[in-house]
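Please read the following points beside the sequence and the 3D view, and look up each place as it is named.

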Amino acid sequence: MGTDEPAIQQDGEWPARRVHINSFYMDQYEVSNEEFERFVNSTGYVTEAEKFGDSFVFEGMLSEEVKADIHQAVAAAPWWLPVKGANWKHPEGPDSSISNRMDHPVIHVSWNDAVAFCTWAGKRLPTEAEWEYSCRGGLENRLFPWGNKLQPKGQHYANIWQGAFPTNNTAEDGYKGTAPVTAFPPNGYGLYNIVGNAWEWTSDWWAIRHSTDEVHNPKGPSSGTDRVKKGGSYMCHKSYCYRYRCAARSQNTPDSSASNLGFRCAADTLPELQ
């Protein structure tokens, strides 16, 4: 787990350390809009983005009408705009819909929302260690789930940013925003889009210092302010956010939501199908 050649020092990617984990199940796919809709229809669940009334959307995905009503942004990342009415059903604000994206990953889900879904589905969020083990797909000391080369034989293996971030996305991989959860080749464990597409929540609290001791089933710190997310998203580019590597990591508060943040579930035993 981790790496001794961290690309992003402040993220606590290092040191490389040996970790033991019990066997577990991991979903092949990120949770899709279709699955999340089934959960909402079954339970009446209301996401935190819906309760708050807004969520963060990447500026490049917004219509001019929506942009005209926004007068604030994130100082350190001005391409993130708080959009009123943006949520999982309306990913780019009120004038957008998921009707033609039911097989795409659900986005604008907070950590708390993800846990609620997992509980309903008889599953749970993976730990960071489980997620990283899954990401590596049986390979050792490789950057990506499929190896060290970003585009083996010129083929795209993940939905990330091509072009100059944040102004020009050439979408050479076929997608400007999210892609279907079944897109691109799976890794050695049969998992799809484990990097790129949408960030994925894990169960761990965030910390940047890690013990080099061999540990069994690490679950991260016992408390914190932010939760770990892994895998990067369609917005990641090496020039700014080189986080579509298995060892890469980032964090958000548990009530955060955004247009590139989703999840997949894990389980200790094979869950009953809904």
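1. Does Arg-245 count as buried or exposed? At 3% relative accessibility, Arg-245 counts as buried, where buried means under 20% relative accessible area, exposed over 50% and partly exposed in between, with a 1.4 Å probe and protein chains only. This is a predicted model, in which local features need pLDDT of at least 70 and side-chain atom pairs count only at pLDDT 80 or more, while totals for chains, interfaces and linings use all residues. Residues are numbered from 1 along each chain as its sequence is written, and side-chain values use heavy atoms, with hydrogens and water left out.

2. Arg-245 belongs to the loop that runs between strand S9 (227-230) and strand S10 (250-252); helices (H or I, at least four residues) and strands (E, at least two) are DSSP runs, numbered from the N terminus. The side chain of Arg-245 reaches the backbone oxygen of Tyr-242 at 2.8 Å. Leaving out residues up to four places away in sequence, Arg-245 touches Ala-7, Ile-8, Glu-13, Leu-143 and Phe-144, where contact means heavy atoms within 4.5 Å.

3. Apart from neighbours within four places in sequence, Arg-101 is in contact with Asn-33, Pro-91, Glu-92 and Ser-96.

4. Val-215 lies in strand S8 (residues 215-216) and is partly exposed, with a relative accessible area of 31%. Not counting residues up to four places away in sequence, Val-215 touches Arg-18, Val-19 and His-20.

5. Where does the structure leave open space? The largest pocket has a volume of about 830 Å³, and 28 residues line it, with Met-1, Gly-2, Arg-136, Glu-140 and Asn-141 nearest its centre. On a 1 Å grid over the protein atoms alone, a pocket is an open set of points with protein on both sides within 12 Å along at least five of seven lines, a cavity is a set where a 1.4 Å probe fits but cannot get out, and lining residues have an atom within 4 Å of a point. Grid points are joined across faces, edges and corners, and a volume is the space filled by probe spheres set on the points. The largest share of this lining, four residues, comes from H5, and the lining divides into 12 nonpolar, seven polar and nine charged residues. Here Ala, Val, Leu, Ile, Met, Phe, Trp, Tyr, Cys and Pro count as nonpolar, Asp, Glu, Lys and Arg as charged, and the others, Gly among them, as polar.

6. The second largest pocket holds about 640 Å³ of space, and among its 28 lining residues Trp-80, Lys-229, Gln-251, Asn-252 and Asn-260 lie nearest the centre.

7. Three cavities of 30 Å³ or more are found in the whole structure, and the largest cavity holds about 70 Å³. Its lining, which includes Pro-145, Trp-146 and Tyr-157, divides into eight nonpolar, two polar and no charged residues.

How values were computed:
A polar contact is a pair of N or O atoms within 3.5 Å; within protein, one must be able to donate a hydrogen and the other to accept it, and residues adjacent in sequence count only if both atoms are side-chain atoms.
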